[in-house]
Amino acid sequence: MTKYRETAAEISKEEFKNIGYQLIDTISNFIYTIDKKPVTTGESPKEIQNILGSRALPELGASVSEIVLKSTDLLLNHSLLNGHPKFFGYITSSATPIGALADLLAAAVNPNVGANILSPMATAIEKQTIKWLAEFIGVSPTYGGIFVSGGNMANFTAFLAARTAKAPKSLKEEGLANTAPNMVLYCSKTTHTWIEKASVLFGHGSNSIRWIPTDADNKMNTETLVKTIKDDLKNGKKPFMVVGTAGDVSTGIVDNLSAIAAICKTYDLWFHIDGAYGLPAAAIPEFKQLFDGITEADSIALDPHKWFYCPLEVGCTLVKDPQHLIDTYRSHPVYYNFSKSDDEPPMNYYEYGFQNSRGFRALKVWMSLQQFGKSGYIKMINEDIELSKLLFEETGKHPELEAITQNLSITTLRYVPLGLDKDEKNNLTYLNTLNELLLDELQKGGEVFLSNAVVFEKYCLRFCIVNFRTSRKDIEEIVEIIVRKGRLIHSKMQENKPK
């Protein structure tokens, strides 16, 4: 009698080892030669579809080695490589090799980190990793939290905890419309788009958002914030939350968090910090003052798949009083038998967020924090910031480039052809069009990948360096690439100008 039932899912031990060894060899070669490849092939969706093919669902299975070989070729040779040293787009980091190994290990064990009984060790590791992240950014390790897919979900998770804490207790039974239809919230006009999604999806509507203008430093104007809160109270509204940003997505600006914290305390509002990108920089001694006020936050969102260099996807919600998460998300269907324990009450993460079934996202963060340690992370994050400053300085030296902003590890700049007055208002539209076309060309070209920002009405090239592979040499080469491509775009635009 055979030990195992024979199914199409099984792979023999030897075959698994051989295929696995070959895959690891291929991935290892890919990682350590990534700088020799183009950042992207620039292939169109139609070209990608043709390469993939349009075959119907296969009726019969194929060999595992054949599937792995084909999948490896498709992904390694037809992907945008955010692990490339010249990738600076959006806020996606190079992923650490240990993170890839962690995801393989997590998938092999496949714990369901929704309930302690289903994932005893994984649950303990997630709990410890949450504590370590809190310690790293400088808040109390008594903050609790949960790992989620990314920034949107981390902020959503906190948003609902804030609402539960500040709404009438009958909210769950009677609904928002019947208990607190006039709840309003406050954020800077530079806040990430998650806030609109949350307000719409959770029944408040986009009109519940009070978009507070920024001051001369592009931070939330706290004087206007106070005035707006007072006006809302006078008009019968129910303010419940203020969102401060610790590293906005366009320019890296950090709001005056301590001032916002004081305002929240005065008006009994929930203070949430969206630190998905920038908050890891709080661990750097020179930047500690910039993040004053984070210890007063009721909740914090941060993304280890950004500046902790973990593979996608992993975000995190931290909450000063974790009971708020339980109050928001706990439910006890009759078919759950998760809460029995001989000693202390078990931690069941399904009570902390949206998901019941949950993957083991914490492992790659836990393993990375051990490999680098706090000092190793501080060194890498600080180097990213220094490289961003170098790009800003080199841009300022070049007669065809205009340095616009530099905060944390984000630099914005634009190409300005020789002989064109950058300060002349009549040239703004031309320069905006030129730089937009330049960005399109750079994103398809494969030499460098970046994104855009609109700063003071100027369409800018935006570089976000959350990349442990980037070097000074890459920064120096980038300047040459931008100018070379910028000249070509400008020349074409001049040729196509109406006579």
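Predicted model: local features only at pLDDT ≥ 70, side-chain atom pairs only at ≥ 80, totals over all residues.

From α14, I listed L387, L390, L391 and E394; they meet R472, I475, I478 and V479 in α16. I sorted the residues of this contact by type: six are nonpolar, two are charged and none is polar.

Next I looked up the geometry. Helix α14 spans residues 362–397 and helix α16 spans residues 472–495. They pack at an angle of about 30°, and their axes are 10 Å apart. Angles under 35 degrees count as roughly parallel, so α14 is roughly parallel to α16. I noted the crossing of α14 and α16 as right-handed.

Then I turned to the sheet. In what order do the seven strands run? I read β1-β7-β6-β5-β4-β2-β3, an open sheet with mixed pairing. I found β1 (144–148) and β3 (209–212) at the edges. Each has a single partner strand, so one side of each is left without a neighbour in the sheet. From one strand to the next, the twist averages 20°.

I picked out one pair. Strand β5 (residues 270–274) and strand β6 (residues 299–302) pair in the parallel sense, over three bridges. Here H272 stands opposite S299 in β6.

Last, I checked which helices pack on the sheet. Helix α6 (residues 151–166) touches β1, β2 (183–188), β4 (238–245), β5, β6 and β7 (315–319). The direction of α6 makes about 175° with that of β5. Helix α9 (residues 194–201) also packs on the sheet, where α9 touches β2, β3, β4 and β5. I noted about 160° between the directions of α9 and β3.

Technical notes:
Residues numbered from 1 in each chain as written. Heavy atoms only, no water. Axes fitted to C-alpha atoms, helices over the stretch in contact; angles between N-to-C directions. Helix = DSSP H or I, 4+ residues; strand = E, 2+ residues; numbered from the N terminus. Parallel < 35°, antiparallel > 145°, perpendicular 65-115°, else oblique. Left-handed = near helix turned anticlockwise from the far one by under 90°. Contact = heavy atoms within 4.5 Å. Nonpolar A, V, L, I, M, F, W, Y, C, P; charged D, E, K, R; others polar. Pairing = 2+ DSSP bridges.
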